[in-house]
Amino acid sequence: MWDFKESMRIVSCILVFGVIVLVANPCPAWLDPGAADVDVVLNSEDNQFAFYDGPSGQTGENTEWFLNNGARSSVRLKGYDDPSGFLWDLSAYSGAVVEEAELHLCLTSGSVINSLVVSTINAEWTEGGGWGSTVSDGEPCWRWRSYPDGEWTFVGSDFSTASFGNFGTLVSFGYKHSDTFRQYNSGGYDWIAMKLDPSIVYAMVQDNYGIVVTDPRFGSENGNLRVYSSEQNASVQPRLYIKTYSQTDETPPGEVSDLVASAGEWNGEVVLSFGAPSDPDDGKAFGYTVR
């Protein structure tokens, strides 16, 4: 389970360290969507994953973590209560070397927000057709990846086990103080944006299914922060800015060595240990395909 308070404690430590790093390594300038080497990629699907108080305090499938929001024209970025997931088709970037990447979201109102946190999602999902309604067969919600029997990860799991740093998912933060988060106006709309670690894009290209986004500093002053979804229209749809190098990485890493498989703690779990191969172009392999 994602421990929100513990995450904030860790973030506080990162902030102190980040000031020192930024003096020597300032963040690159924000990408220009009109530049020839920057792609603007609109998302394909989205859903607000409602947790609220989870299974406690409510009965049956009327609890919020059984709701689907795939058809909404706007979704919330409300701390751990209502983070939202966004999917992109990034298959065209297989083999590409990502230099910089950004996430851009259009606000539906002037809510207070000063930061964002993003995590990849490690399980396949589709948005569904609900409008804050009880999940239907095949749709996702906090409790089910695909209702009524498609678990997010293990038996009894929920959405948090497939995101926010759990089970191999990757996390990236954006803050004003480090120039990795900003708010701006374009086309008469207020937008928010954050700079993404390129590894977030690589993960989505390889084997992660979009990202979950929320406000890590959610509090009473933030309200029910909303952004437009893909159901609104293309002019305000969630998007990625992606800048790639002209060359692609076509040199495979070395072979895996000393592979050992041993029984894990869980029933059916296997623990794999091996020597990590080097990558001639990058110094290390980004990920592994296990068959």
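Two strands count as paired if DSSP finds at least two bridges between them. Keep that handy for the exercises below, and remember that this is a predicted model.

**Exercise 1. Which strands pair with β5, and in which sense?**

Step 1: Start with β2 (residues 45-48), which pairs with β5 in the antiparallel sense over 4 bridges. Within that pairing, N47 sits opposite G85 of β5.

Step 2: Now try β12, which is joined to β5 by 3 bridges and also runs antiparallel to β5. Here F86 has I211 of β12 as its bridge partner.

Step 3: Look at where the residues of β5 (84-87) point. In a regular strand, side chains alternate between the two faces of the sheet.

**Exercise 2. Which residues of helix α2 are buried, and what do they pack against?**

Step 1: Run along α2 (residues 198-206) and pick out the buried ones: S199, I200, V201, A203, M204 and V205.

Step 2: Check their surroundings. They pack against β6 (96-106), β7 (115-120), β9 (171-175), β12 (211-214) and β14 (239-248).

Step 3: Peek at the start of the helix, where a side-chain oxygen of D197 comes to within 2.8 Å of the backbone nitrogen of S199.

**Exercise 3. Is L272 buried, partly exposed or exposed?**

Step 1: Find L272 in strand β16.

Step 2: Its relative accessibility is 38%. Buried would need under 20% and exposed over 50%, so L272 counts as partly exposed.

Step 3: Zoom out: L272 belongs to a nonpolar surface patch with V256, L259, V270, F274, Y288 and V290, together about 640 Å² of accessible area. Strand β16 (residues 270-275) gives the most to this patch, with 3 residues.

Notes. Residues are numbered from 1 along each chain as its sequence is written. This is a predicted model: local features need pLDDT of at least 70, side-chain atom pairs count only at pLDDT 80 or more; totals for chains, interfaces and linings use all residues. Side-chain values use heavy atoms; hydrogens and water are left out. Buried means under 20% relative accessible area, exposed over 50%, partly exposed in between (1.4 Å probe, protein chains only). Helices (H or I, at least four residues) and strands (E, at least two) are DSSP runs, numbered from the N terminus. Contact means heavy atoms within 4.5 Å. A polar contact is a pair of N or O atoms within 3.5 Å; within protein, one must be able to donate a hydrogen and the other to accept it, and residues adjacent in sequence count only if both atoms are side-chain atoms. Patches are made of residues with over 30% relative accessible area and no salt bridge: like charges are joined within 9 Å, nonpolar side chains (Val, Leu, Ile, Met, Phe, Trp, Tyr) within 5 Å. Accessible areas come from the Shrake-Rupley method with a 1.4 Å probe; for residues, only the protein chains shown count as cover. A salt bridge is a side-chain nitrogen of Lys or Arg within 4 Å of a carboxyl oxygen of Asp or Glu.
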